[in-house]
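Dear colleague,

Please find the structure below, handed over for your use. My notes on its helices and their packing follow.

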Amino acid sequence: MTLPQCNPCPSSTGNEGRLVSSCLQIHRHTEEQLAAQSSALTEQETPAEPVVLRALLGLIIVLSIADKSQAKALVPFVYCRARPCLESESPEVRRATVVFLGQLVRLGSEKARLNKEVHSSLVSVLLNLTDLSTEVIQACWTVLQHFTLECVLSMKEMCRILITSGQFSLAQRLALQGAQSRRAWVRESAAIFIGLQVQQLQRRLCSCFALRIAQRDLRILLQDPEPQVRERTAEAMGLFTRP
């Protein structure tokens with residue numbers, strides 16, 4: 001199944017064309033369509049790959065043609081449904097999820113109250129930049145490039161944004177989610193992300209409580225079965241002793 005890119009609406013050919021046509025006919029019912037498509041991601045405990053791909057493709061298309069005010073209302077809801085798809089065994093599903101998160105970033109970045117979902121989506125994308133699939137990595141870079149047109153958003157800059165905007169609890173929750181991922185490359189990225197948090201916190205003389213939480217998460221990763229994860233974690237732990 002060919003997925004649309006982050007910017008353009010997919011061409012009206014084959015099944016995708018019929019889906020676009022259907023979406024246009026029911027344009028006034030965007031919220032119902034988004035809810036229906038996202039429910040397919042969680043209606044079964046482990047939905048089949050074709051079901052997930054169809055649901056993600058439907059979400060991408062609906063968001064690309066939807067009235068923005070309607071779509072924004074469901075950003076928190078659909079984000080929670082789609083993010084777990086990054087854990088899929090299928091590279092195609094992971095890529096589709098990244099493309100979908102890119103849609104949410106573009107929608108939510110225009111509305112301050114949706115910053116939580118925007119930042120959560122961006123961190124999820126950043127943690128998957130080391131995916132084993134080159135197509136997933138390319139999708140991640142595309143999302144990050146579109147978020148900051150001057151340069152590609154880095155994990156260090158994202159960490160700075162979260163800490164300086166007072167969203168440290170969100171940063172830690174996202175890091176812990178990454179540390180608990182089934183994907184070794186995500187856990188490795190989570191260790192780096194926590195290390196960057198430690199640097200930001202110490203630079204701003206933040207509370208010892210915040211640093212203890214970061215230390216707790218790193219201790220979990222020190223027990224990781226993958227050597228590269230433990231190596232990155234040890235590097236992050238070393239930041240606590242540096243001036």
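Along the sequence, the chain follows the pattern α-α-α-α-α-α-α-α-α-α-α-α-α. Its secondary structure comes to 13 helices and zero strands, where helices (H or I, at least four residues) and strands (E, at least two) are DSSP runs numbered from the N terminus. The model is predicted: local features need pLDDT of at least 70 and side-chain atom pairs count only at pLDDT 80 or more, while totals for chains, interfaces and linings use all residues. Residues are numbered from 1 along each chain as its sequence is written, and side-chain values use heavy atoms, with hydrogens and water left out.

Of the 243 residues in the chain, 52% are buried (under 20% relative accessible area, with exposed meaning over 50% and partly exposed in between; 1.4 Å probe, protein chains only). Contact means heavy atoms within 4.5 Å. Among contacts between residues at least 6 apart in sequence, 70% join residues at least 24 apart.

Two helix pairs deserve a description. Helix α12 (residues 208-222) packs against helix α13 (residues 227-238) at an angle of about 150°, and their axes lie 8 Å apart. Axes are lines fitted to C-alpha atoms, for helices over the stretch in contact, and angles run from 0 to 180 degrees between N-to-C directions. The angle therefore makes α12 roughly antiparallel to α13 (over 145 degrees; under 35 counts as roughly parallel, 65 to 115 as roughly perpendicular and the rest as oblique). From α12, Gln 215, Leu 218, Leu 221 and Leu 222 meet Val 229, Arg 230, Thr 233, Ala 234, Ala 236 and Met 237 of α13. By class, this contact of α12 with α13 has seven nonpolar, two polar and one charged residues (Ala, Val, Leu, Ile, Met, Phe, Trp, Tyr, Cys and Pro are nonpolar, Asp, Glu, Lys and Arg charged, and the others, Gly among them, polar).

The second pair is helix α5 (residues 75-82) with helix α7 (residues 115-127), packed at an angle of about 25° with axes 10 Å apart. These two helices are therefore roughly parallel to each other. Val 75, Pro 76 and Tyr 79 of α5 make the contact with Glu 117, Ser 120, Ser 121 and Ser 124 of α7.

Which residues of α5 are buried? They are Val 75, Val 78, Tyr 79 and Ala 82. Seen down the axis of α5, these buried residues fall within an arc of 105°, so they line one face of the helix; the arc is that of the directions from the helix axis to the C-beta atoms.

Yours sincerely
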